Structure formats: C-alpha cells, structure tokens
Amino acid sequence: MDFILTHKWAFLIAAEVIFWVSVITFLIARYWFGKKALSAVFLLLFILNDLWIATLGFFDYLQTGQFSSYQIIVVVLFLYAITYGKSDFKKLDYYVQIKVAKWKGLPAPDIEAPKKLVGREHAKRERSNLYVHLSVYVAAHLVFFFLVGLSPRVYEMATWSQFFTEFFSAQEALLPFQNETLNNLSRVWTLILGIDTVISLSYTVFPKGGSSSSSA
C-alpha cells in the first residue's frame, strides 16, 4: 500500500482510464457483439474500479491524517459516479442501443427513452436505488461473517461509539471480521453507503425540480 500511495496520482489516472475502457467495452460487448455474459464482466470491473478509487482516497487520508487536493478530487469523482453518473450511464446506454441498431440496419429496439424524473418520482427512484444498495451491502456482510467470522476485537468494544471510531480511524483494519482485506473493503463500502444514503434521502427532503403529481 505504501508503494501505491507514493504513486497515488498515477494510480488515480490509471483508474480513470480503466473506468472509460470498461464502460466502452461493456457497451460494445453487449450491443455490438451481443455478448451479455461477457459484458457483465466489464460491468463488474466498472464497479470494482469505483471502489478502488474510493479506497485510494480513504487510505491517503489515513496516511496523512488530513484532507488534501488529492482526496477532494477522489470525492468529486466518486460523488459524480453515485449521483449524476447513474443517470448519464442510462442515457449513454439508450443512445448506444439506438445507434448500434441503426448501423447494423436493424429495427430500432423497443426501449423507452430515459425519463427525466423530478419531485417525488425522482425521490422515490433514489430511495429504491438506495434500498438495493443497502440490501447488497447487508447480504455481502453476512457472507463475510459466515466465511471468516467476527474479530475477537469486536467483543472488546464497550460502546458503539468506540467501535465506529476504531473502525474508521485505525490504520490496522481489525474490525469487524477476522480478515484485514475484508475489513478494509467493509469500511470503504460503509463510507460509500453513508454518502449514498445522505444524497438519496436528500431528494426526499428537498425534491429535485419541485414536486410531481405521483405519490411517493
């Protein structure tokens, strides 16, 4: 990890290159060659790359103990990915399907153009996406628990405050499982889920573009 953080800018640039390559390859494999199974591999790479970018920023903060321009750039990239990035990807996906069909001389696919949601409709969709994210998070952590078990350090925690303080700030990842790699993944993912929760629920309190006629 020290080597990675020493060359953190190179790794961040590489991550951005991988991001665009994985997105483009996903779309080509899925719609030009019709390889849906293969495209899923590049979609997974796309998701793992986002986690990698978040991990770079997190460990850079742990090493320096302070916020820097590097971490700000990482946060901006990641916030875009979990907010506007989702809707932009859907628009790109729709555009590529239409274009590929036209280039191949095929009938236009029977798909609905992405709808720009506002108000309560948009808030409802954001909450639905959050529920999916939370479900995957919980399921993954249950799998981690059954695979490696909880760390003995968990049972030494006197309060939840002490647990979360050590969970997020300790350089050695001793919580919550008996595996350092899974613990590092867990705390980065927990931060991501926290950010996603705040952003998603903010649309319920402050609806995007005003209210709509649909019920929440």
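The points below describe a predicted model of a protein chain, from its overall build to single residues.

1. Basis of the note. The model is predicted, and local features need pLDDT of at least 70, side-chain atom pairs count only at pLDDT 80 or more, and totals for chains, interfaces and linings use all residues. Residues are numbered from 1 along each chain as its sequence is written, and side-chain values use heavy atoms, with hydrogens and water left out.

2. Overall build. The protein chain contains 8 helices and 0 strands; helices (H or I, at least four residues) and strands (E, at least two) are DSSP runs, numbered from the N terminus. Read from the N terminus, the order of elements is α-α-α-α-α-α-α-α. Along the principal axes, the C-alpha atoms fill a box of roughly 65 × 45 × 40 Å.

3. Surface and interior. Of the 216 residues, 35% are buried (buried means under 20% relative accessible area, exposed over 50%, partly exposed in between, with a 1.4 Å probe and protein chains only). Among contacts with a separation of 6 or more, 64% join residues 24 or more positions apart, where contact means heavy atoms within 4.5 Å.

4. Helix H2. This helix covers residues 8-32. H2 has 25 residues and reaches 35 Å from its first C-alpha to its last, close to the expected 36 Å; the expected span is 1.5 Å times one less than the number of residues. Its buried residues are Lys 8, Leu 12, Ala 15, Phe 19, Ser 22, Val 23, Phe 26, Leu 27 and Ala 29. Just after H2, Gly 34 adopts a positive phi of about 70°.

5. Ala 15. This residue of H2 counts as buried because its relative accessibility is 1%. Apart from neighbours within four places in sequence, Ala 15 is in contact with Asn 49, Trp 52 and Ile 53. Its C-alpha atom is separated by 33 Å from that of Pro 207, 192 residues apart along the chain.

6. A nonpolar surface patch. Trp 20, Ile 24, Ile 28, Trp 32, Phe 33 and Trp 103 form this patch, with about 710 Å² of accessible area together. Patches are made of residues with over 30% relative accessible area and no salt bridge, like charges being joined within 9 Å and nonpolar side chains (Val, Leu, Ile, Met, Phe, Trp, Tyr) within 5 Å; a salt bridge is a side-chain nitrogen of Lys or Arg within 4 Å of a carboxyl oxygen of Asp or Glu. Helix H2 gives the largest share, 4 residues. Ile 24, which lies in H2, is classed as partly exposed because its relative accessible area is 47%.

7. Pro 176 lies in the loop between helix H7 (160-169) and H8, and the peptide bond from Leu 175 to Pro 176 is cis, with omega near -5°. Asn 179 caps the N-terminal end of H8, with a side-chain oxygen 2.9 Å from the backbone nitrogen of Leu 182.

8. Helix H8 and Ser 200. H8 has 26 residues and reaches 38 Å from its first C-alpha to its last, close to the expected 38 Å. Ser 200 is placed in this helix (residues 180-205) and is buried because its relative accessible area is 0%. A polar atom of the Ser 200 side chain lies 2.8 Å from the backbone oxygen of Asp 196. Leaving aside neighbours within four places in sequence, Ser 200 is in contact with Glu 126 and Leu 130.

Note on methods. Areas by Shrake-Rupley, 256 points an atom, 1.4 Å probe, with all protein chains shown as cover. Polar contact = N/O pair within 3.5 Å; in protein donor to acceptor, adjacent residues only side chain to side chain.
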